[in-house]
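Please read the following report with the sequence and the structure side by side, finding each residue as it is named.

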Amino acid sequence: MAIDYLKRGKPEAERCADDSKIRKTVETTLADIESRGDEAVRELSEKFDRYSPKSFRLSASEIEAIVSKVSDREMADIRFAQEQVRNFAQAQRDSMTDIEVETIPGVILGHKTIPVQSVGCYVPGGKFPMVASAHMSVATASVAGVPRIAAATPPFKGKPNPGVIAAMHLGGAHEIYVLGGIQAVGAMALGTETIDPVHMLVGPGNAFVAEAKRQLYGRVGIDLFAGPTETMVIADETVDAELCATDLLGQSEHGYNSPAVLLTNSRKLAEGTLLEIERLLEILPTAETARKSWEDYGEVIVCDSYDEMLQMADETASEHVQVMTDRDDWFLENMTSYGALFLGPRTNVANGDKVIGTNHTLPTKKAGRYTGGLWVGKFLKTHSYQKIMTDEAAATIGEYCSRLCMLEGFVGHAEQANVRVRRYGGRNVPYGAAAESRQAAE
């Protein structure tokens with residue numbers, strides 16, 4: 001096995017150097033929000049966003065006025081994107097059915113799928129107004145049937161961004177707050193005098209938002225633990241350097257710490273992509289961010305074989321994996337750890353980010369090894385139920401339950417079963433004893 005790094009990113013230890021500082025800041029800030037409520041939220045908004053309206057929640061008339069600033073073309077594009085997201089989310093929802101089975105005569109088992117009752121959707125907007133994030137969280141929660149959807153986004157250049165507000169409104173948000181950062185997710189999770197707490201938080205955000213969600217997990221549900229955007233391009237000589245470079249830099253512009261990796265079995269393509277990236281960075285308007293991210297976190301890896309590429313890809317478990325090879329379906333069949341796959345040169349990560357219909361809130365930092373991304377099922381809870389319909393079934397299950405409880409030493413548990421054996425089975429079971437089998441009793 002020969003794997004050659006033509007370019008490496010920062011070591012993992014350096015990437016995590018600021019985690020402890022962020023953790024402490026978030027812990028202190030959440031405690032302040034819990035203690036002082038709206039007062040703390042307002043101070044934080046004034047400090048970080050220079051924004052302090054009479055109310056952070058937009059009224060219906062304010063929403064109408066803001067949305068009116070969106071052009072007809074932009075509104076049509078937003079509607080098209082949301083239609084794609086809704087269609088796919090609805091297909092996913094339709095695949096999830098309630099069940100009820102009779103496992104033995106008289107014993108009915110089943111499960112019901114119930115929406116989470118309230119969700120807080122965070123839509124980032126500090127550097128870029130993330131219109132698409134509103135589709136992914138708000139519209140998907142709406143398809144799931146969540147009865148209360150609160151959505152929060154920071155002001156963009158000092159005021160609500162019309163595109164984001166329009167997407168939240170069209171997506172089905174019941175409450176819209178112009179509020180960002182820790183103060184937004186903290187207020188929605190913990191509640192304040194003017195914001196009722198939610199049961200679940202979803203949506204991407206910066207390192208402070210991600211850490212706030214991590215610390216709030218348990219008090220509320222969350223979609224997943226998210227880090228900086230990651231992308232991996234798996235390519236062979238069926239594609240060219242311009243395509244690979246464009247797709248790597250397209251995700252590097254997210255932030256200064258967005259890993260982008262080219263994994264290939266072609267040294268010619270690897271070397272060509274490195275040169276093409278330098279060319280594109282001279283003309284890309286967002287090159288300041290993308291260059292820093294590429295310099296610190298970009299990697300180019302050359303493998304000997306497709307099997308090696310597959311192994312490296314699964315070990316990395318990147319958030320976005322773009323596959324452009326002569327065997328794309330082979331990777332689809334064999335890959336096990338990733339956020340989402342984008343198959344073939346006609347496909348790209350930006351499609352998934354903005355419009356194609358799959359959700360763009362995806363696992364990062366190798367979390368793809370154990371979880372998928374946000375989808376309609378994240379907003380749904382599957383609850384089981386049991387029902388015993390006949391006396392015979394109650395006695396039969398009861399005697400087994402009695403003996404198994406006594407095996408573990410749970411006498412009180414055993415008596416829950418025993419009292420049913422006595423009442424519905426007509427058998428004398430001494431208090432605190434294990435029920436005999438019906439055959440033995442007879």
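Ile 397 sits in helix H16, which covers residues 391-408; helices here are DSSP runs of type H or I with at least four residues, strands are DSSP runs of type E with at least two, and both are numbered from the N terminus. Its relative accessibility is 34%, and therefore Ile 397 counts as partly exposed, a class that lies between buried (under 20% relative accessible area) and exposed (over 50%), judged with a 1.4 Å probe and protein chains only.

## How the model should be read

This is a predicted model, in which local features need pLDDT of at least 70 and side-chain atom pairs count only at pLDDT 80 or more, while totals for chains, interfaces and linings use all residues. Residues are numbered from 1 along each chain as its sequence is written, and side-chain values use heavy atoms, with hydrogens and water left out.

## A sheet of three strands

An open sheet has three strands in the order E2-E3-E14, paired in antiparallel fashion, where two strands pair if DSSP finds at least two bridges between them. Its edge strands are E2 (99-104) and E14 (380-388), each of which pairs on one side only. From one strand to the next the twist averages 20°, with axes taken as lines fitted to C-alpha atoms (for helices over the stretch in contact) and angles running from 0 to 180 degrees between N-to-C directions.

Strand E3, residues 107-115, runs antiparallel to E14 and is joined to it by nine bridges. Within this pairing, Thr 113 stands opposite Thr 382 of E14.

## Gly 368 in its loop

Gly 368 belongs to the loop between helix H15 (349-354) and E14, and because its relative accessibility is 7%, Gly 368 counts as buried. Leaving aside residues up to four places away in sequence, Gly 368 touches Thr 336, Ser 337, Tyr 338 and Pro 363, contact meaning heavy atoms within 4.5 Å. Glu 315 is 53 residues from Gly 368 in sequence, and their C-alpha atoms are 10.0 Å apart in space.

## Salt bridges

A salt bridge is a side-chain nitrogen of Lys or Arg within 4 Å of a carboxyl oxygen of Asp or Glu, and by this rule the count comes to 18. One of them joins Arg 219 and Glu 34, with 2.8 Å from N to O. Arg 219 lies in the loop between helix H9 (207-216) and strand E8 (221-222), and Glu 34 in helix H2 (residues 19-36), so the pair ties together parts that are 185 residues apart in sequence. Arg 219 counts as exposed at 55% relative accessibility, whereas Glu 34 is partly exposed at 45%.

Asp 77 and Arg 73 also meet in a salt bridge, at 3.8 Å from N to O, and both lie in helix H5 (residues 72-94), four residues or about one turn apart. Glu 415 pairs with Arg 422 at 3.1 Å between the closest N and O atoms; Glu 415 counts as buried at 9% relative accessibility, and Arg 422 as partly exposed at 25%. Elsewhere, salt bridges that share partners join Asp 32, Arg 36, Glu 39 and Glu 43 into one network.
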